[in-house]
Amino acid sequence: MFQQLERLIPDSILGLMAKYRADPFKHKVDLGVGVYRDLSGNTPILECVRRAEREVLAAQTTKSYVGAAGREEFNSALEELVLGSAHATRRDRRARTLQTPGGCGALRVGAELIKAAAAGAVVHVSDPTWGNHAPLLGGCGLKLERYPYYDAATHELRFEAMLQRLQTASAGDAVLIHACCHNPTGADLSPAQWQAVADLLQRRGLVPFLDLAYQGFGASLEEDAAAVRMVVERVPEALIAVSFSKNLGLYRERVGGLIVISENAARADAVQSHMLHIARSIYSMPPDHGAAIAAKIFAEPPLRREWIQELDAMRTRIQDMRSLLAKRLQEVTGDDAFDFIRTQHGMFSLLGVSREAVERLREEHHIYMTSDSRMNLAGIMPHNVSYVAEAFAAEAFAAERGI
Ligand SMILES: Cc1ncc(COP(=O)(O)O)c(C=O)c1O
């Protein structure tokens, strides 16, 4: 059977991690892997998670099955966190939520649901987008198309081109949009641009598929959900994939959820039965441990307050490093060309240089980034910012000018 299988090329991020680990250089810098890092370079367990976890373990009386939908209290808290307590879709019982294994699980269940409902629908994804979107969404057989989103050379959104392309999408197609902190570009739509996109989705009968993996990393839990809430209010149907990997630091516990909005409560019941059926047919039911911790943090005010403080601290650290790196680059180059790093959102920005420049930064300066020149700003620390800025000035700035 397996004689047919040729060896696949390993995921490039894994190769990058291996190269980084093998590099003996003392001042090497990892801007590659997409996880938050504190000032010591660690990806910490949040204090609120430690406390909630202890209480969860102490109170646990069984490891029996939890069911395909996951924890009810987790799902309803997730819905409230994303949509707010008074959202019309919740009041009208049009929202249904399924706990999933991380945001990836939510994206895949969402894709399978689209496939079950409309096998011929195209999913439109941004160019560029997170590398896992294509395998997760396309892996179930759906056709993907790309809409223009960002120009890495000018560091600007290609908003008019995006609207023009989506204007030609067929009614019933889905449009995947990063809800905040776009990965890999850090460039988000402005509130006015979100309104224009919502107009277009509504007018053309397109179904938004919103990917919310960084709620709280942009501005705050509330502000980062504003676009989702607005869009979902304007359209009859929508999907929202939610991840708590980053904002609760629960990466390996696989905590996420899929919210699906339907036209009315009866439709929503039918859709929910399909969501459950899909989950059963892929992984049966989601892991419980991380969701039990998350549900406790959402439900208990002292834990929730502590979470929001820790989340604020993670966001502020990244924003500080964005400002610091942009400032050092301005000082080193005498040019404002890198100010986009300061104004973009979330963990990532694209430096906007060639693969060759990325390679030189790795081989000569021991600075590790993915080949599209995505940098994880959480890898910047006050002690390495000057080193990185000087290397970027030497390599990236030269490359930007075609040297
Ligand atoms: C844009 C985007 N969507 C979804 C995810 C899903 O993350 P996870 O499955 O780890 O929760 C990520 C994680 O990096 C992401 O960057």
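View 1. A polar side-chain atom of K246 sits 2.8 Å from an oxygen atom of the ligand, a polar contact in the sense of two N or O atoms within 3.5 Å. N183 also brings in a polar side-chain atom, again 2.8 Å from a ligand oxygen. On its own the ligand would expose 390 Å², and the protein buries 91% of that (Shrake-Rupley areas, 1.4 Å probe). This is a predicted model, where local features need pLDDT of at least 70 and side-chain atom pairs pLDDT 80 or more, while totals for chains, interfaces and linings use all residues. Numbering starts from 1 along each chain as its sequence is written, and side-chain values use heavy atoms, leaving out hydrogens and water.

**View 2. The shell around the ligand.** Here are the 13 residues that surround the ligand, with D211, Y214, S243, S245 and R254 the closest (a heavy atom within 4 Å counts as near). Helix α5, residues 102-117, gives the largest share, four residues. By type, the shell splits into five nonpolar, five polar and three charged residues, with Gly counted as polar.

**View 3. What lines the largest cavity?** F217, G218, R315, I318, Q319, R322, Q344, H345 and G346 do (lining means an atom within 4 Å of a point on a 1 Å grid where a 1.4 Å probe fits but cannot get out). The lining has two nonpolar, five polar and two charged residues. The space inside comes to about 40 Å³, taken as the volume filled by probe spheres set on the points.

Conventions. Polar contact = N/O pair within 3.5 Å; in protein donor to acceptor, adjacent residues only side chain to side chain. Helix = DSSP H or I, 4+ residues; strand = E, 2+ residues; numbered from the N terminus. 1 Å grid on protein atoms, 1.4 Å probe; cavity = no way out; pocket = protein on both sides within 12 Å on 5 of 7 lines; lining within 4 Å.
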